[in-house]
There are 2 protein chains.
Amino acid sequence: MSFDRLQQAIIRTKNPTVAGLDARLEYVPQPMIDRAIAQYGETRKAAAEAIFAFNCGLIDALCDIVPAVKPQAAYYELLGWEGMEMLERTIRYAKEKGMYVIADVKRGDIGATASAYAEGWLGKTVVGGAQLPCFDADCVPVNGYMGADAVNPFLKIANQEDKALFVLVRTSNPSAVDLQDLEIGGGKIYDVMGTLAAKWGEGYLDGYGYNRVGAVVGATWPEQLAQLREALPHTFLLVPGYGAQGGTAEDVRFAFDEKGHGAIVNSSRGIMCAWKKTGNAGADYQDAARAAALEMRDAITAITPILD
Amino acid sequence: MSFDRLQQAIIRTKNPTVAGLDARLEYVPQPMIDRAIAQYGETRKAAAEAIFAFNCGLIDALCDIVPAVKPQAAYYELLGWEGMEMLERTIRYAKEKGMYVIADVKRGDIGATASAYAEGWLGKTVVGGAQLPCFDADCVPVNGYMGADAVNPFLKIANQEDKALFVLVRTSNPSAVDLQDLEIGGGKIYDVMGTLAAKWGEGYLDGYGYNRVGAVVGATWPEQLAQLREALPHTFLLVPGYGAQGGTAEDVRFAFDEKGHGAIVNSSRGIMCAWKKTGNAGADYQDAARAAALEMRDAITAITPILD
């Protein structure tokens, strides 16, 4: 469940990409929404069920060609507890279909609080004599602004459960520069965070040479991708920002090692919303998502072949 | 609902403190756990119901003397969707009892994702023609590592709903130094973040002189509290780290302005777990929590009187 299981799935599918499951109702074909509202009214439950059906359709369409999914917690919290219940079902369904699940929570808190997050998202909760899984993802991104106290509790659970985490290092958004690009000593703040991530992950290497603490580095900054890839040889990279945000297959080649290993590139709207470009009002959303995923795979692997 | 409603509640109760609602089962008196397990088995539902009963008991015991509560999302996520459903009920119950609710989520994400978080925690979600509140807190802390893109969507919803947010500036934990204390230009990284928070909040001042973007600054760093209070005159401060983490009433006096306004000090375990020190196995958890809250109030206001 650490990154080696993800790497194996990438090698098996020859596809170093992850499909974001970040659905708002606007991304769901109207007939699916209408059906849910007919059954449940204009409620959060209806929204959750429409999105669950959409998620399952996407997973069915992608699970043999895409190794991983990344549900973004925000879109589930937006629907309150009904959304969180549906997120649990989505994660379970994706895992049943053999996909690696990165629950994109970007939590950042300390000590006992970070432990609670880690147990909830990667581990188990104890009630009396029972040990109960909750969201049970394979991996989560974490925000390291609060330092080691925010990361070590996740690492502890990741070690116990053979799972993994990513630390936000250089994000893909324009205002990443507000803090992350400021000069400090001989580098930038994101360099410091990258070095911290590498240090936090020390002491374990999987079969591909990567530890349990990966880093998030945006596709929109190819020079920094190249620099961080070189500086952090044991750090698996999660690369958002492909497609809609501007990152290209040329840009993301810098994220990989010489075997095409050690990184995974995310696309959310590019796959989820591919149906909006086919003119069929969503009737073909599965085919459209699959075609978009194959196109992304082919574009990236034409430049960066994935070796065994 | 902005900070002026919080400030009014602080003045009314003459108490600049907030009670954390961060319960794990270990913090709940055993008879309450036994009752829930008898009814629901060793399930997440049982844990959620035990903690809900405990939360309501705390709120009942505190609502006339403490102006605000701060449920920490991690402890609810630890119980999966049943925990999140119970968090919604807890927030609603506290608001019904007249308390200001800071939902401690420390979310940090960008653009459309940050908007989804903001709508879910402070705003409303749209399903068909319905506008539905979800968690509906009064205020949330936000992590600014990703820059303005992470904060502006929360600020937009806070403006619409007359609510507020805090940005993490200098946290209370030991490893805050890993990143936040590094030297940059003429100051430290937390200075930069404090300045950004002040800038993001510009353009609105409530009746007490504070804007909608507060800052989290730990009680464990009194010099930095004093420095940030002076540097950020329009920034309301949320001060964790009192009590168990080492912060004292002497330390937190630096957080307030000359009227004793502009800051609120958190205590979680000091209040929630006060019953563990009375030797009554939790039968008096409400009285113990109330006594601890009064002691904290008196200690702080003896040094820092709250003027009207």
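This note covers salt bridges in a predicted model.

1. Overall count. Across all chains, the structure holds 48 salt bridges. A few of them are taken up below.

2. A pair within chain A. A:E82 and A:R44 form a salt bridge, with the closest N and O atoms 2.7 Å apart. This pair links distant parts of the chain. A:E82 lies in helix α5 (residues 80–96) of chain A, and A:R44 in helix α3 (residues 44–62). The two residues are 38 residues apart.

3. A pair between chains. A:R44 also meets B:E88 in a salt bridge, at 2.9 Å from N to O. Here the contact crosses between chains. B:E88 sits in helix α5 (residues 80–96) of chain B, while A:R44 belongs to helix α3 of chain A.

4. A:E82 and A:R44 are both buried. A:R44 has a relative accessible area of 9%, so it counts as buried, given the cut-off of under 20%. B:E88 is at 4% relative accessibility and is therefore buried by that criterion.

5. A pair at A:D298. A:D298 forms a salt bridge with A:R297, where the closest N and O atoms are 3.0 Å apart. The relative accessible area of A:D298 is 40%.

6. A network in chain A. A:K45, A:E49, A:E85 and A:R89 are joined into one network. The links are salt bridges that share partners.

Key: Residues numbered from 1 in each chain as written. Chains lettered and ligands numbered in written order. Predicted model: local features only at pLDDT ≥ 70, side-chain atom pairs only at ≥ 80, totals over all residues. Heavy atoms only, no water. Salt bridge = Lys/Arg side-chain N within 4 Å of Asp/Glu carboxyl O. Helix = DSSP H or I, 4+ residues; strand = E, 2+ residues; numbered from the N terminus. Buried < 20%, exposed > 50% of the residue type's maximum accessible area, 1.4 Å probe, protein only.
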